[in-house]
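I opened my notebook to look up how this chain is put together. I wrote each entry as I went.

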Amino acid sequence: MSTKYKATTTEDAYFITITTVGWIDVFTRVNQKTVLINALQHCQQNKGLEIYAYCIMSSHIHLLCKSTDGFTLSDVIRDLKKFTSKKIIQLIIDEPESRREWMLEYFKKACEHLKREQHYKVWQDGYHAEIIETNWFIKQKVNYIHNNPVKDKIVALPEDYYYSSARNYAGLHNDLNVILLDLF
């Protein structure tokens, strides 16, 4: 398996994108986004995940992050995806969801090629990770992360999007705390 876009070191920060299978717009409801926020908070508190920037979009999440406390970032991301997959499927089943049958069928079909026993697949295999090596790269990626909802015309200003660390950097309330970088 290629390691080109994987978090292979334990001491470096990475720009990471995690995407749903088929780019399905799963995170269109508050309860689905809350699952991700709670899982990220758990990883911060229990798995040494340091988050410097993030944005939850409808079909993917961007993170600028690092793993500490002896945990590898690959393991943290694997556990995050595994836990949130189960919670998301349960929410689709339990909560009002107009696309329930279609989504469950799609996530079920996404497992057909797997050798391991799995009923639903929410996330694409792996994730896209780029190592952070320069301040220029950090600024470019944080701006990219924060402007994602602006580019998609969800909001006019990055700090207006509730599920983004742009709010943290603007000094506004946010449910997910991040480590603010002193580059801005």
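Is K141 buried or exposed? I looked it up: K141 is buried, with a relative accessible area of 10%. I keep in mind that this is a predicted model.

**Entry: the partner of K141**

I looked for a charged partner next. K141 forms a salt bridge with E130, and their closest N and O atoms are 3.8 Å apart. I checked this against the cut-off, which is within 4 Å. E130 is partly exposed, at a relative accessible area of 22%.

**Entry: other salt bridges**

How many salt bridges does the structure hold? I found eight. One of them joins D79 to K47, with the closest N and O atoms 2.9 Å apart. This pair links distant parts of the chain, 32 residues apart. D79 is in helix α2 (residues 73-94), and K47 is in the loop between α1 (30-46) and β2 (49-56). I compared their cover with the cut-off for buried, which is under 20% relative accessible area. K47 has 17% relative accessibility, so K47 counts as buried. D79 has a relative accessible area of 23% and is partly exposed.

I then asked which residues are linked with this pair in a network of salt bridges. The network is made of K47, D75, R78 and D79.

I noted one more pair. D125 and K121 meet through their side chains in a salt bridge, at 2.4 Å from N to O. K121 counts as buried, at 7% relative accessibility.

**Entry: cysteines**

How many disulfides does the structure hold? I found zero. I wanted to know why, and I took C65 as a test. The closest cysteine sulfur to that of C65 is in C43, 9.7 Å away, which is too far for a bond. The cut-off is within 2.5 Å. C65 counts as buried, at 0% relative accessibility. C111 is buried too, with a relative accessible area of 7%.

**Entry: the sheet**

I traced the strands next. Four of them form an open sheet, in the order β2-β3-β1-β4, with antiparallel pairing. Which strands are at the edges? They are β2 and β4, and each pairs on one side only. From one strand to the next, the twist averages 20°.

I followed β1 along both of its neighbours. Strand β1 (residues 14-19) runs antiparallel to strand β3 (residues 60-67), and six bridges join them. T19 has H60 as its bridge partner in β3. I16 has L63 as its partner in β3. β1 also pairs with β4 in the antiparallel sense, over four bridges. There, Y14 stands opposite I131.

How many of the six residues of β1 are buried? I counted six of six, and β1 is mostly covered. Y14, I16 and I18 point one way, while F15, T17 and T19 point the other way.

**Entry: helix α1**

α1 has 17 residues. From its first C-alpha to its last, α1 reaches 24 Å, close to the 24 Å expected at 1.5 Å a residue.

Which residues of α1 are buried? I listed Q32, K33, V35, L36, I37, A39, L40 and C43. I thought about the spacing in that list. An α-helix has 3.6 residues a turn, so residues three or four places apart point the same way. I then looked for what the buried residues of α1 pack against, and found β2, β3 and α2. After α1 comes G48, whose phi is positive, near 70°.

**Entry: L181**

My last stop was L181. L181 is in the segment after α5 (166-169). I asked how far L181 is from I138. They are 43 residues apart in sequence and 9.2 Å apart in space, C-alpha to C-alpha. Which residues does L181 touch, leaving out those up to four places away in sequence? I found Y52, L64, I138, V142 and Y169.

How values were computed:
Residues numbered from 1 in each chain as written. Predicted model: local features only at pLDDT ≥ 70, side-chain atom pairs only at ≥ 80, totals over all residues. Heavy atoms only, no water. Helix = DSSP H or I, 4+ residues; strand = E, 2+ residues; numbered from the N terminus. Buried < 20%, exposed > 50% of the residue type's maximum accessible area, 1.4 Å probe, protein only. Pairing = 2+ DSSP bridges. Axes fitted to C-alpha atoms, helices over the stretch in contact; angles between N-to-C directions. Expected span 1.5 Å × (residues − 1). Contact = heavy atoms within 4.5 Å.
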